[in-house]
Number of protein chains: 2
Amino acid sequence: MFVILVYDVGEKRVNKVLKKARKYLNWVQNSVLEGEISDANYKKLKYELGKIMNLDEDSAIIYQLRTTKYSSREIIGIEKGGQELIL
Amino acid sequence: MFVILVYDVGEKRVNKVLKKARKYLNWVQNSVLEGEISDANYKKLKYELGKIMNLDEDSAIIYQLRTTKYSSREIIGIEKGGQELIL
(Lines give C-alpha, C1' and ligand atoms only; values in the text may rest on other atoms or scores of the structure.)
Protein backbone atom coordinates (compact mmCIF):
# COMPACT_ATOMS: atom_id res chain seq x y z
CA MET A 1 0.00 0.00 0.00
CA PHE A 2 0.96 3.64 -0.35
CA VAL A 3 1.01 5.73 2.80
CA ILE A 4 1.39 9.38 3.72
CA LEU A 5 2.67 10.02 7.23
CA VAL A 6 2.27 13.42 8.86
CA TYR A 7 3.44 13.97 12.41
CA ASP A 8 3.29 16.70 14.99
CA VAL A 9 5.48 15.79 17.94
CA GLY A 10 7.37 17.55 20.72
CA GLU A 11 10.64 19.17 19.66
CA LYS A 12 12.75 16.64 21.55
CA ARG A 13 11.25 13.79 19.57
CA VAL A 14 11.17 15.32 16.09
CA ASN A 15 14.53 13.92 14.97
CA LYS A 16 13.90 10.47 16.42
CA VAL A 17 10.55 10.19 14.68
CA LEU A 18 12.01 11.40 11.40
CA LYS A 19 14.94 9.00 11.57
CA LYS A 20 12.68 6.06 12.27
CA ALA A 21 10.15 6.96 9.60
CA ARG A 22 12.89 7.35 6.98
CA LYS A 23 13.76 3.69 7.42
CA TYR A 24 10.48 2.91 5.69
CA LEU A 25 9.34 6.00 3.79
CA ASN A 26 10.63 8.90 1.71
CA TRP A 27 10.84 12.34 3.20
CA VAL A 28 8.84 14.88 1.21
CA GLN A 29 8.47 17.89 3.43
CA ASN A 30 8.83 19.06 7.00
CA SER A 31 7.01 16.41 9.08
CA VAL A 32 5.69 14.58 6.02
CA LEU A 33 6.87 11.30 4.51
CA GLU A 34 5.30 9.03 1.93
CA GLY A 35 5.91 5.82 0.07
CA GLU A 36 5.03 2.24 -0.72
CA ILE A 37 5.20 -0.01 2.31
CA SER A 38 4.45 -3.67 2.96
CA ASP A 39 1.88 -4.69 5.56
CA ALA A 40 4.65 -6.11 7.73
CA ASN A 41 6.70 -2.94 7.62
CA TYR A 42 3.62 -0.83 8.18
CA LYS A 43 3.00 -2.65 11.45
CA LYS A 44 6.65 -2.24 12.43
CA LEU A 45 6.56 1.47 11.63
CA LYS A 46 3.48 2.04 13.78
CA TYR A 47 4.95 0.05 16.64
CA GLU A 48 8.29 1.85 16.48
CA LEU A 49 6.72 5.30 16.26
CA GLY A 50 4.47 4.46 19.19
CA LYS A 51 7.51 3.65 21.28
CA ILE A 52 9.24 6.96 20.48
CA MET A 53 6.23 9.25 20.71
CA ASN A 54 4.65 10.67 23.83
CA LEU A 55 1.14 9.37 23.24
CA ASP A 56 -0.43 11.96 25.53
CA GLU A 57 1.03 14.90 23.62
CA ASP A 58 2.17 13.86 20.17
CA SER A 59 0.15 13.02 17.12
CA ALA A 60 0.84 11.18 13.87
CA ILE A 61 -1.64 10.50 11.11
CA ILE A 62 -1.05 7.80 8.54
CA TYR A 63 -3.20 7.95 5.43
CA GLN A 64 -3.30 4.59 3.71
CA LEU A 65 -4.11 4.39 0.02
CA ARG A 66 -4.74 0.86 -1.16
CA THR A 67 -4.07 2.10 -4.66
CA THR A 68 -2.64 5.31 -6.04
CA LYS A 69 -4.72 4.86 -9.17
CA TYR A 70 -7.32 7.35 -7.96
CA SER A 71 -4.98 9.88 -6.47
CA SER A 72 -2.46 12.46 -7.53
CA ARG A 73 -0.71 15.41 -6.03
CA GLU A 74 0.24 18.94 -6.82
CA ILE A 75 2.99 21.07 -5.39
CA ILE A 76 2.77 24.82 -4.88
CA GLY A 77 6.14 26.52 -4.45
CA ILE A 78 9.28 24.46 -4.13
CA GLU A 79 9.63 20.69 -3.99
CA LYS A 80 11.61 19.95 -0.86
CA GLY A 81 11.75 16.20 -1.01
CA GLY A 82 14.44 16.16 -3.67
CA GLN A 83 16.94 17.88 -1.44
CA GLU A 84 19.18 16.26 1.11
CA LEU A 85 17.83 16.88 4.54
CA ILE A 86 20.33 18.46 6.85
CA LEU A 87 19.97 17.70 10.54
CA MET B 1 -12.75 15.28 -4.53
CA PHE B 2 -11.06 14.74 -1.19
CA VAL B 3 -7.77 16.52 -0.59
CA ILE B 4 -5.02 16.52 2.00
CA LEU B 5 -3.00 19.73 2.20
CA VAL B 6 0.39 19.80 3.92
CA TYR B 7 2.42 22.99 3.96
CA ASP B 8 5.83 24.08 5.06
CA VAL B 9 6.11 27.84 4.87
CA GLY B 10 8.13 30.64 6.46
CA GLU B 11 7.03 31.56 9.97
CA LYS B 12 5.63 34.92 8.89
CA ARG B 13 3.25 33.24 6.47
CA VAL B 14 2.10 30.28 8.60
CA ASN B 15 -0.99 31.99 9.99
CA LYS B 16 -2.02 33.50 6.69
CA VAL B 17 -1.78 30.15 4.93
CA LEU B 18 -3.70 28.40 7.71
CA LYS B 19 -6.44 31.02 7.73
CA LYS B 20 -6.87 30.82 3.96
CA ALA B 21 -6.82 27.02 3.86
CA ARG B 22 -9.42 26.78 6.64
CA LYS B 23 -11.88 28.60 4.40
CA TYR B 24 -12.00 25.42 2.33
CA LEU B 25 -10.69 22.54 4.45
CA ASN B 26 -10.70 21.16 7.97
CA TRP B 27 -7.63 21.50 10.14
CA VAL B 28 -6.37 18.15 11.37
CA GLN B 29 -2.89 18.75 12.66
CA ASN B 30 -0.07 21.28 12.63
CA SER B 31 0.32 22.30 8.95
CA VAL B 32 -2.17 19.67 7.74
CA LEU B 33 -5.74 20.15 6.54
CA GLU B 34 -8.09 17.85 4.70
CA GLY B 35 -11.59 17.71 3.31
CA GLU B 36 -13.98 17.46 0.41
CA ILE B 37 -13.62 20.31 -2.04
CA SER B 38 -15.23 21.19 -5.35
CA ASP B 39 -13.12 21.66 -8.46
CA ALA B 40 -13.91 25.36 -8.45
CA ASN B 41 -12.87 25.82 -4.84
CA TYR B 42 -9.78 23.73 -5.40
CA LYS B 43 -8.65 26.13 -8.08
CA LYS B 44 -9.41 29.09 -5.83
CA LEU B 45 -7.49 27.53 -2.95
CA LYS B 46 -4.41 26.96 -5.10
CA TYR B 47 -4.55 30.47 -6.50
CA GLU B 48 -4.99 32.07 -3.08
CA LEU B 49 -2.22 30.03 -1.48
CA GLY B 50 0.07 30.89 -4.36
CA LYS B 51 -0.51 34.58 -3.72
CA ILE B 52 0.33 34.30 0.00
CA MET B 53 3.30 31.95 -0.27
CA ASN B 54 6.86 32.83 -1.16
CA LEU B 55 7.22 30.48 -4.09
CA ASP B 56 11.02 30.45 -3.87
CA GLU B 57 11.07 29.27 -0.25
CA ASP B 58 7.74 27.79 0.75
CA SER B 59 6.20 24.49 -0.19
CA ALA B 60 2.70 23.06 -0.10
CA ILE B 61 1.65 19.63 -1.29
CA ILE B 62 -1.94 18.83 -2.10
CA TYR B 63 -2.82 15.15 -2.38
CA GLN B 64 -6.01 14.67 -4.34
CA LEU B 65 -8.08 11.55 -3.86
CA ARG B 66 -10.79 11.16 -6.44
CA THR B 67 -12.48 8.75 -4.07
CA THR B 68 -11.93 7.87 -0.43
CA LYS B 69 -13.22 4.36 -1.10
CA TYR B 70 -9.71 2.93 -1.26
CA SER B 71 -8.21 4.88 1.58
CA SER B 72 -8.31 5.04 5.32
CA ARG B 73 -6.21 6.50 8.06
CA GLU B 74 -4.85 5.70 11.44
CA ILE B 75 -3.83 8.00 14.24
CA ILE B 76 -0.99 7.31 16.64
CA GLY B 77 -1.13 9.36 19.82
CA ILE B 78 -3.67 12.11 20.21
CA GLU B 79 -6.21 13.32 17.71
CA LYS B 80 -5.70 17.07 17.40
CA GLY B 81 -8.29 17.99 14.81
CA GLY B 82 -11.35 17.39 16.95
CA GLN B 83 -14.73 16.41 15.57
CA GLU B 84 -14.33 17.80 12.09
CA LEU B 85 -12.53 14.65 11.00
CA ILE B 86 -14.24 12.34 8.58
CA LEU B 87 -12.55 9.94 6.19
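Q: Taking a salt bridge to be a side-chain nitrogen of Lys or Arg within 4 Å of a carboxyl oxygen of Asp or Glu, how many are counted between chain A and chain B?
A: In this predicted model, the count between the two chains is 4 salt bridges.

Q: Why is the meeting of the side chains of B:Lys80 and A:Asp8 called a salt bridge?
A: The distance from N to O is 3.0 Å, and the cut-off for a Lys nitrogen and an Asp carboxyl oxygen is within 4 Å, so the pair qualifies as a salt bridge.

Q: What makes strand 4 of chain A and strand 5 of chain B count as paired strands, and in which sense do they run?
A: At least two bridges are required, and 7 are found between strand 4 of chain A and strand 5 (residues 71–77) of chain B, so the two strands pair, in the antiparallel sense.

Q: How much area do chain A and chain B bury between them, and what share of it lies on carbon and sulfur atoms?
A: The two chains bury about 3500 Å² between them, with 52% of it on carbon and sulfur atoms. On the side of chain A, the residues that lose the most area to chain B are A:Tyr63, A:Glu74 and A:Ile76, which together make up 21% of what that side buries.

Q: How many residues does each chain bring to the contact?
A: Chain A brings 38 residues, while chain B brings 39 residues. Across this interface, 24 residue pairs are found in polar contact, both residues being at pLDDT 80 or more. By class, the side of chain A that touches chain B holds 18 nonpolar, 9 polar and 11 charged residues.

How values were computed: Residues numbered from 1 in each chain as written. Chains lettered and ligands numbered in written order. Predicted model: local features only at pLDDT ≥ 70, side-chain atom pairs only at ≥ 80, totals over all residues. Heavy atoms only, no water. Contact = heavy atoms within 4.5 Å. Buried area = accessible area lost by both parts, 1.4 Å probe. Polar contact = N/O pair within 3.5 Å; in protein donor to acceptor, adjacent residues only side chain to side chain. Nonpolar A, V, L, I, M, F, W, Y, C, P; charged D, E, K, R; others polar. Helix = DSSP H or I, 4+ residues; strand = E, 2+ residues; numbered from the N terminus.
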